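Keep the structure open while reading.

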There are 2 protein chains.
Amino acid sequence: MAGEFALIERLLSQVRPDPNTQTNGLLLGPGDDCALIAPPAPGESFAITTDMLVEGTHFLHTDSPEDLGWKTLAVNLSDLAAMGATPRYVTLAAALLAGDESSAWVDQFFSGFTNCAQKHKVSLIGGDTTRGPRTFSVTAIGTVHPNQALRRSGAQDQDDIWISGTPGMAALGLAYKLGTTDLPVVLEQSTYKALHRPQPRIALGLSLAGLAHSCLDVSDGLLQDLGHIAQASGLAATLHNAALPPAPNLVDPALWQQCLLGGGDDYELLFTAPTSARSKIQTLSATLKLPLHRIGQMHADGKAGTITVLDIHQKPVDLSNLRHGFDHFA
Amino acid sequence: MAGEFALIERLLSQVRPDPNTQTNGLLLGPGDDCALIAPPAPGESFAITTDMLVEGTHFLHTDSPEDLGWKTLAVNLSDLAAMGATPRYVTLAAALLAGDESSAWVDQFFSGFTNCAQKHKVSLIGGDTTRGPRTFSVTAIGTVHPNQALRRSGAQDQDDIWISGTPGMAALGLAYKLGTTDLPVVLEQSTYKALHRPQPRIALGLSLAGLAHSCLDVSDGLLQDLGHIAQASGLAATLHNAALPPAPNLVDPALWQQCLLGGGDDYELLFTAPTSARSKIQTLSATLKLPLHRIGQMHADGKAGTITVLDIHQKPVDLSNLRHGFDHFA
């Protein structure tokens, strides 16, 4: 068989489910014009999302291909997590350079992709490979009860605002990688992992069903993504500076503010929940061994979509120097 | 809103279903982390396929963006057609050049994409746009009864082999476009349409359920794709040269043979069916106003996957000069 078909075959064989068991609702796996999947369990719906990663925009030629394979899948699973969905199936379309099809680079990319797929029990059900500048496009399919799906439009007046993990670490890692800041050695590994090995918060998303009113994953920056929740919910939002994850030791506070509020790529979950849910969410944090920071409130007074950050004196923090979010066309 | 979000919004608004009706099983449309779709009708499964188109590999910078938008969706719907599935939903991930987001080029691309979506009643349920070399990746989702789905592995001994339309026209159009052949004026438009405006054979695919034993859409070339059916079905195949669509007037027979047998990109359906289905298939051809050519037979004698083309004297045609199929990595 020619290179293209051999490549697809090699890719799929690594993530293909056992054809003798056909668990997970897969009626027909890769290799035909389409894959066939059975309906979800009674009462459930399918959640579907798609994301594309392009060399030069999302990753560099020199990046670890194994990390890139992981991240290509992880950022898509993160969208399922943000919806409270259980990941089930993914498709992968890849444009690759001449020679890639038999390279160690592609083997390592697949290895990272496969590791992420296996960790989160998703089946690769279809693929396409073609020649072109390295580009990867994934479509991820999960299952969720539609009434329990976490939408960004569901925030209510007086909801607490929560964020998982430590957003800002990926942006800090990127600043270090690009040489625009130095970092203490102790932070090199954690910021590298935040940037290159994001963990889709699947368990958190599933646990937030019935608990949170709204949710999304922070990919464009905390302020910008909170703006999406506020806009979609017709509310304003206030953040308390003192409640935000503090700057790590030896990191310039101004740089940290930029990374924390303006940086993207962390794939942490940003969600709102009623004050009555506080103790349950704190228990959840302990159970999942995942920090969950209560950082502010939603409110009905003020223009919808407006975000204010208050200092400890309840005065608005000047954010005029902040570069907002991440926009490939800005 | 920034350029990226405005672009997604503009794109989706053109193909978005009416939120007040939410027909077609769409529970939550674009704009959140995921779209939500209801289960298919009882007994049905979802059919899923993905394809990527890259500038320089699948299309040229100078190609009509409206035609490209059409084709980007059409080649994915063709895979649903080849499975006998009804198209329902699509996602689109697009890498675009700086400046594209507000260009007439993108407007025209969306226009072509939207025309194809509306013609085939599919909803665009999600998207991603990013900056990069122009690349488009679509995932298409359809519905089909799994027992009626047309698989490439289902061909049986003595099945007739059929092909729809006039495969070879797209390759002839490409040869003309690349300046490697001249064409009579009368063929310029029809070969252009075959190459740039392929028609997914949805109605044919739906009608073949219960009639055909195997099916795929010819995207890699007739011989290569017939090889896929033969290989998957564990059979050999014989084609009769005299039964193949003849060379159009004034087209060099050797060039036509190359286009017909080796050229891809026509997206016609290649299928096998028992001899008992002949009259029904001929009736279908008349109903659909679509030529259906009976061009050969599958058989159990001979090495699986082997294709022989016989001339009118039942002698094998010499195909040693034929360039086989289309492989981006060959």
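Are Arg134(B) and Asp100(B) buried or exposed? Both Arg134(B) and Asp100(B) are buried. The model is a predicted one.

**Interface of chain A and chain B**

- On the chain A side, 72 residues are in contact with 73 residues of chain B.
- Four salt bridges cross the interface by the rule applied.
- Residue pairs in polar contact between the two chains number 18, counting pairs with both residues at pLDDT 80 or more.
- Strand 3 (residues 45-54) of chain A gives the most to the side of chain A that touches chain B: nine residues.
- By class, that side of chain A has 39 nonpolar, 19 polar and 14 charged residues.

**Strand pairing across the chains**

- Strand 2 (residues 35-37) of chain A pairs with strand 3 (residues 45-54) of chain B.
- The sense is antiparallel, and the pairing runs over three bridges.
- Within strand 3 of chain B, Ala47(B) is the residue opposite Leu36(A).

**Salt bridge between the chains**

- Side chains of opposite charge can pair when their charged atoms come close.
- Asp32(A) and Arg152(B) form a salt bridge, with the closest N and O atoms 3.4 Å apart.

**Salt bridges within chain B**

- Arg134(B) and Asp100(B) form a salt bridge, with the closest N and O atoms 2.7 Å apart.
- This pair links distant parts of the chain, 34 residues apart.
- Arg134(B) sits in the loop between strand 5 (123-131) and strand 6 (135-144) of chain B. Asp100(B) sits in the loop between strand 4 (86-96) and helix 3 (104-119) of chain B.
- A network of salt bridges with shared partners joins Asp32(A), Asp33(A) and Arg152(B).
- Asp63(B) forms a salt bridge with Lys177(B), the closest N and O atoms being 2.7 Å apart.
- That pair spans 114 residues, from the loop between strand 3 and helix 2 (65-83) of chain B to helix 4 (residues 169-177) of chain B.
- Asp63(B) counts as buried because its relative accessibility is 12%, under the 20% cut-off.
- Lys177(B) counts as partly exposed, at 34% relative accessibility.

**Salt bridge within chain A**

- Asp265(A) and Lys71(A) meet through their side chains in a salt bridge, 2.9 Å from N to O.
- These two residues lie 194 residues apart and link distant parts of the chain.
- Asp265(A) is in the loop between helix 8 and strand 10 (269-273) of chain A, while Lys71(A) is in helix 2 (residues 65-83) of chain A.
- What is the relative accessible area of Lys71(A)? The value is 8%, so Lys71(A) is buried.
- Asp265(A) has a relative accessible area of 22%, so Asp265(A) is partly exposed.

**Helix 4 of chain A**

- Helix 4 (residues 169-177) of chain A has these buried residues: Met169(A), Ala170(A), Ala171(A), Leu172(A), Gly173(A) and Ala175(A).
- Which helices are included in what covers the buried residues of helix 4 of chain A? Helix 5 (185-196) and helix 8 (253-262) of chain A are among the covering elements.
- Gly179(A) follows helix 4 of chain A, with a positive phi near 80°.

Terms used: Residues are numbered from 1 along each chain as its sequence is written. Chains are lettered from A and ligands numbered from 1 in the order in which they are written. This is a predicted model: local features need pLDDT of at least 70, side-chain atom pairs count only at pLDDT 80 or more; totals for chains, interfaces and linings use all residues. Side-chain values use heavy atoms; hydrogens and water are left out. Buried means under 20% relative accessible area, exposed over 50%, partly exposed in between (1.4 Å probe, protein chains only). Helices (H or I, at least four residues) and strands (E, at least two) are DSSP runs, numbered from the N terminus. Contact means heavy atoms within 4.5 Å. A polar contact is a pair of N or O atoms within 3.5 Å; within protein, one must be able to donate a hydrogen and the other to accept it, and residues adjacent in sequence count only if both atoms are side-chain atoms. Ala, Val, Leu, Ile, Met, Phe, Trp, Tyr, Cys and Pro count as nonpolar, Asp, Glu, Lys and Arg as charged, and the others, Gly among them, as polar. Two strands pair if DSSP finds at least two bridges between them.
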